[in-house]
Amino acid sequence: MKTSNHSVHQPACGVCQKHCKSFESLREHLTGPLPKGACSKTFSQRGCQLCLVLFDGPGSLIAHRETCCLSAPTRLGTKELTYINSQFDCQDSSDENHTGRGPGGTVAIDCEMVGGGSDGSLELCARVCLVDEDENLIFHTYVKPQLPVTNYRYDITGLTEEHLRNAMPLNEVKENVCKILYNGENLGKIRLNGGKARLLVGHDLAHDLYCLNMHYPDHMLRDTAKYRPLMKTNLVSHSLKYLTRTYLGYDIQSGTHDPYEDCVSVMRLYKRIRAQMHPEEEDHGTSTPSNRIVGVPDCWRSKELDNLTPDQLYAMSRSDYKCWCLDLRPKLPT
């Protein structure tokens, strides 16, 4: 059998160096119902239950826990306000504090939905919140639904008819969000390599963007619901509530959903994953048999690929796994 060569970015056991496709499978390897004995024993003495990192000794672990286990952010509540941070909107994208793949910085978004239609199942955006990497509120508003609301979902949203009576129209909300994300960059360059536009972080971003009736290039999205290491072993998404409790150490959404609380939590998740220290990936020759073949030149026809042997296909394949830690590395010049 072939030796499996995994990506250096995949979650790995600090004891036996076993690679896993997700943090959940690594957690099962270390602390699950049937953990690996030697690894479980060592990890129980020197491992962090949140980030799954192994430390040199108990002293280092204690010091690490003080910064790893976070406290819940202050909830915004249901204040009747529209807030736009104009200073952030005009921020110079050449700021030296911004590095890597998103020179304009990173923004987290969360939307709260109410129900429309005869049965209240139609998703209507009713509230939008954006925060920056430092957890500062940069945009918040209630949204005037384009269709009549038949279910305010009060137990979840905490919203009533009064909150949306004089709310901002959806098109105006979309314009403000796009202005913040584009950061003065033209759409063509954003689609090509991002330019100075901002990365967008969220949980189930496709749903939020659909309800806002807007599109943002996939390579500019960082979705905690679709990021492979944060998903279940069967590639089903975890809830943001579960991810926050498991990887950050506090509870959210204990009552009504607060968009600022969710924004901050998803930004913290992204920054924790982005901060992982990984070595440089070796070039094409080391990849797993399960990896798809990507980057094949367009001039190659399917007939030529059919003539290659399995060993040749295996040798030319490389991982399509994209780790968020690469966001801190400089982009190659184009």
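**Entry 1: Glu135**

I looked up Glu135 and found it in the loop between strand 3 (122-132) and strand 4 (137-144). Strands (E, at least two residues) and helices (H or I, at least four) are DSSP runs, numbered from the N terminus. The model is predicted, so I noted its limits: local features need pLDDT of at least 70, side-chain atom pairs count only at pLDDT 80 or more, and totals for chains, interfaces and linings use all residues. Residues are numbered from 1 along each chain as its sequence is written, and side-chain values use heavy atoms, with hydrogens and water left out.

Is Glu135 buried, partly exposed or exposed? Its relative accessibility is 25%, so Glu135 counts as partly exposed. Buried means under 20% relative accessible area, exposed over 50%, and partly exposed in between (1.4 Å probe, protein chains only).

Next I checked what Glu135 touches. Not counting residues up to four places away in sequence, I found Tyr260, Val264 and Arg268. Contact here means heavy atoms within 4.5 Å. Glu135 and Arg268 are 133 residues apart along the chain, yet their C-alpha atoms are separated by 8.7 Å.

**Entry 2: helix 3**

I turned to helix 3 (residues 58-68), where Leu61, His64 and Cys68 are buried. Why do I say they line one face? Seen down the axis of helix 3, the buried residues fall within an arc of 65°, so they line one face of the helix. The arc is that of the directions from the helix axis to the C-beta atoms. On the other side of helix 3, I found Gly59, Ile62 and Glu66 exposed. The cover over the buried residues of helix 3 includes helix 2 (37-46) and helix 11 (259-274).

**Entry 3: the cores**

I looked for nonpolar cores, which are sets of buried Ala, Val, Leu, Ile, Met, Phe, Trp, Tyr and Cys residues joined through side-chain atoms within 4.5 Å. The largest has 64 residues. Ile109, Val128, Leu130, Val177, Leu212 and Tyr216 have the most contacts inside it. Helix 11 gives the largest share of this core, eight residues. Another core, of seven residues, lies apart from it; Leu124, Ala126, Leu159 and Ala167 are among them.

I also listed contacts of Ile109, leaving aside neighbours within four places in sequence. They include Val128, Leu130, Val177, Leu212 and Cys263.
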